Amino acid sequence: MKYTLRKIVLAFTLLFLCRQGIAQANKKESFSINFGPEVSFTESSFRTTHRAGYGGSLKGEYTVGKHLSTTVNTGILVFQGRGYFENLVLQPKAYKNLTAIPVKAGLRYYIGNFYAAGEAGVVFLNNYTNASRPAASIGIGDKIKIGQGKIDISLRQEFWFGNPNNLNMAVLRVAYEIVW
């Protein structure tokens, strides 16, 4: 996990050093919706059973102060199961694909040209294991103004808690934002 967080911090440091624009929180009491694709890079024990995931998400954001906003987020992620050999006869098998639907709420705090975010909620898992698990994430991101909208680029560390293993991943998200 330390290695992944270092990669996230390094990637965003390089992004901010190379970028020319200024991104800030939306006006106070404004509402925005953003939507876009996500790529999830599985970690630790989750990596042994499933490959990197892909999907999309929809996020609503309400700005409550100069630097603070609240968020509500949902989406869908699909992880392809890895193959394995069950016995010495070498009969190949594969873990079932995993479909996840996270539903989370959280806060964003804008610091200069970027933001720090934290979210918590629940994730509904289908196929591999039919269950729901508590979920939490922390991350950083940036908004780049393009015409009437913005591009929201973020990296976050995602934690899905539960037995027998926690499912952890690093997630890259690129979304288009519309502000009201």
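Strands here are DSSP runs of type E with at least two residues, and they are numbered from the N terminus. The structure is a predicted model, in which local features need pLDDT of at least 70 and side-chain atom pairs count only at pLDDT 80 or more, while totals for chains, interfaces and linings use all residues. Residues are numbered from 1 along each chain as its sequence is written, and side-chain values use heavy atoms, with hydrogens and water left out.

**The barrel**

Eight strands close into a barrel in the order 1-2-3-6-7-8-9-10, and their pairing is antiparallel. From one strand to the next, the twist averages 25°, an angle taken between the N-to-C directions of axes fitted as lines to C-alpha atoms, on a scale from 0 to 180 degrees. Strands of a sheet pair through backbone hydrogen bonds, either parallel or antiparallel; here two strands are said to pair if DSSP finds at least two bridges between them.

Three of these pairings can be followed in detail. Strand 7 (114–127) is joined to strand 8 (residues 131–146) by eleven bridges, and in strand 8 the bridge partner of glutamate 119 is serine 137. Strand 8 is in turn joined to strand 9 by twelve bridges, with glycine 141 standing opposite serine 154 in strand 9. The hairpin of strand 8 and strand 9 has two residues between the strands, and in this hairpin glycine 147 takes a positive phi near 60°. Strand 9 (residues 149–160) is then connected to strand 10 by eleven bridges, and serine 154 stands opposite arginine 173 in strand 10.

**The nonpolar core**

The largest nonpolar core has twelve residues, namely Phe46, Leu77, Phe79, Leu98, Ala100, Val123, Leu125, Ala135, Trp160, Leu167, Met169 and Val171. Such a core is a set of buried Ala, Val, Leu, Ile, Met, Phe, Trp, Tyr and Cys residues joined through side-chain atoms within 4.5 Å, where buried means under 20% relative accessible area, exposed means over 50%, and partly exposed lies in between, with a 1.4 Å probe and protein chains only. Two or more residues of this core come from each of strand 3 (68–81), strand 6, strand 7 and strand 10, and the largest share, three residues, comes from strand 10.

**Salt bridges**

Side chains of opposite charge can pair when their charged atoms come close. A salt bridge is counted here when a side-chain nitrogen of Lys or Arg is within 4 Å of a carboxyl oxygen of Asp or Glu, and a search of the whole structure finds eleven of them.

| Pair | Closest N to O distance |
|---|---|
| Lysine 143 and glutamate 61 | 2.8 Å |
| Arginine 156 and glutamate 158 | 2.7 Å |

Lysine 143 forms its salt bridge with glutamate 61 from strand 8, whereas glutamate 61 lies in strand 2, so the pair ties together parts that are 82 residues apart in sequence. Lysine 143 counts as buried, at 2% relative accessibility, and glutamate 61 is buried as well, with a relative accessible area of 1%. Glutamate 119 is buried at 8% relative accessible area, and lysine 104 is buried at 3%. Arginine 156 and glutamate 158 are both buried too. Salt bridges that share partners join these residues into one network, which includes Glu61, Lys104, Glu119, Lys143, Arg156, Glu158 and Arg173.

**The surface patch**

On the surface, a nonpolar patch with about 1100 Å² of accessible area together is formed by residues including Phe31, Phe35, Leu107, Tyr109, Ile111 and Trp180. Patches are made of residues with over 30% relative accessible area and no salt bridge, with like charges joined within 9 Å and nonpolar side chains (Val, Leu, Ile, Met, Phe, Trp, Tyr) within 5 Å; accessible areas come from the Shrake-Rupley method with a 1.4 Å probe, and for residues only the protein chains shown count as cover. The elements that give two or more residues to the patch are strand 1 (31–42), strand 2 (50–63), strand 6 (98–111) and strand 10 (167–179), and strand 6 gives the most, with three residues. Phenylalanine 35 lies in strand 1 and is partly exposed, with a relative accessible area of 41%.

Methods. Helix = DSSP H or I, 4+ residues; strand = E, 2+ residues; numbered from the N terminus.
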